Structures are given as C-alpha cells and as structure tokens.
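User: I have a structure open and want to go through some side chains. Can you help me read it?
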Amino acid sequence: MENENEYLEELMKKYRDISQSLLRYIPYFEQKKGQKNYQIYQGEQNTNSVAIPVYESTLLSFVKEVQRTGLVDRNYVYALSRNGIRTHEDEMRALDRVEFKDIELIYAIMAKYVLGGMTKGYLWPEAVEEGIFLAVLKRFKELFEMWDQSAESQGKQE
C-alpha cells in the first residue's frame with residue numbers, strides 16, 4: 001500500500017508539473033465550445049487551389065504546448081481500443097469516470113485529436129466544438145483538486 005501511494009504521488013507530481021500550464025486554456029475552450037473556430041483559405045479567385053483550414057492562434061498555441069509536454073503518445077489508438085472508446089460519447093464517459101491512476105487515458109484522448117489533427121484538419125476544430133479539449137482540461141483540474149483535498153485530509157489525520 002505504501003509503494004502504491006508513493007507511486008501515485010510521484011505520478012501526480014509529474015502530471016501536475018506538466019499539465020498545470022495547459023489549464024489556462026479553459027476559458028478559451030469554454031467560450032469556443034459549440035462554435036466553428038476556423039476559416040477556409042482558398043487562395044485567389046478563379047484558381048484551382050486546395051482549400052486550407054486557418055485556425056485561431058490560441059488553438060495552435062494549445063496544440064504546440066500539448067506536444068511539448070512529451071506525454072502525447074503515438075500509441076493512443078491502443079489505449080482507446082483497450083478501454084472500448086470509439087465515439088465522442090465514449091470519450092466523455094471515460095473522462096467522467098477516469099481516476100488519477102488512469103491519467104494516461106486522458107492523454108490518449110487528447111493525443112487522438114492533437115496528433116490526428118496534424119494530418120486530418122477537421123480534428124482540432126472538432127475537439128473544440130464538441131468540448132473534448134475542454135473536458136480533458138476540466139478533468140485534469142478536478143483530479144488535481146481531489147488529490148490536494150486527499151493529501152490535506154491525510155496530513156490532518158497524521
């Protein structure tokens with residue numbers, strides 16, 4: 001039991017240090033949930049150019065910051081399939097029930113959109129519109145707050 005608590009405490013510190021800076025994006029994602037948050041650039045008129053999505057700078061900053069965490073695992077597909085996650089509803093249910101020891105699942109959900117959005121332009125806006133990024137960040141915040149309360153109550157008991 002002692003080893004498990006030490007492991008969870010170490011895990012908590014690692015994820016808190018890395019994820020804390022991402023929490024500042026919560027107000028942005030709250031504001032943008034349900035809205036279209038990109039435009040299509042089609043080049044000059046009367047040309048046969050490819051339509052290119054143009055994203056808001058805040059969204060791009062978030063994506064780059066998530067990538068810098070080093071926790072976005074390219075094997076996210078295995079984590080999602082192992083947990084039976086296939087749809088947005090599955091993702092939201094998983095986020096609601098995930099505990100701190102399963103925090104890698106949160107990063108797997110985020111990786112689906114962050115890494116997938118590098119090649120599939122619709123994934124970043126979809127994650128914003130559907131509230132996936134918002135739910136991920138709020139779950140991080142809840143887990144950190146629950147951990148702090150748990151640590152406080154254990155400190156008072158000793």
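Analyst: Start with Ser 19 and Tyr 107, whose side chains are joined by a polar contact of 2.6 Å. A polar contact is a pair of N or O atoms within 3.5 Å; within protein, one must be able to donate a hydrogen and the other to accept it, and residues adjacent in sequence count only if both atoms are side-chain atoms. This is a predicted model, where local features need pLDDT of at least 70 and side-chain atom pairs count only at pLDDT 80 or more, while totals for chains, interfaces and linings use all residues. Residues are numbered from 1 along each chain as its sequence is written, and side-chain values use heavy atoms, without hydrogens and water.

User: Is Ser 19 buried or exposed?
Analyst: Ser 19 counts as buried because its relative accessibility is 0%. Buried means under 20% relative accessible area, exposed over 50%, partly exposed in between (1.4 Å probe, protein chains only).

User: Ok, salt bridges. How many are there?
Analyst: The count comes to eight salt bridges, each being a side-chain nitrogen of Lys or Arg within 4 Å of a carboxyl oxygen of Asp or Glu.

User: Which residue does Glu 65 pair with?
Analyst: Glu 65 forms a salt bridge with Arg 24, with the closest N and O atoms 2.6 Å apart.

User: Why does that pair tie parts of the chain together?
Analyst: Glu 65 lies in helix 3 and Arg 24 in the loop between helix 1 and helix 2, so the pair ties together parts that are 41 residues apart in sequence. Helices (H or I, at least four residues) are DSSP runs, numbered from the N terminus.

User: And what are their accessibilities?
Analyst: Glu 65 counts as buried at 10%, whereas Arg 24 is exposed at 56%.

Methods:
Helix = DSSP H or I, 4+ residues; strand = E, 2+ residues; numbered from the N terminus.
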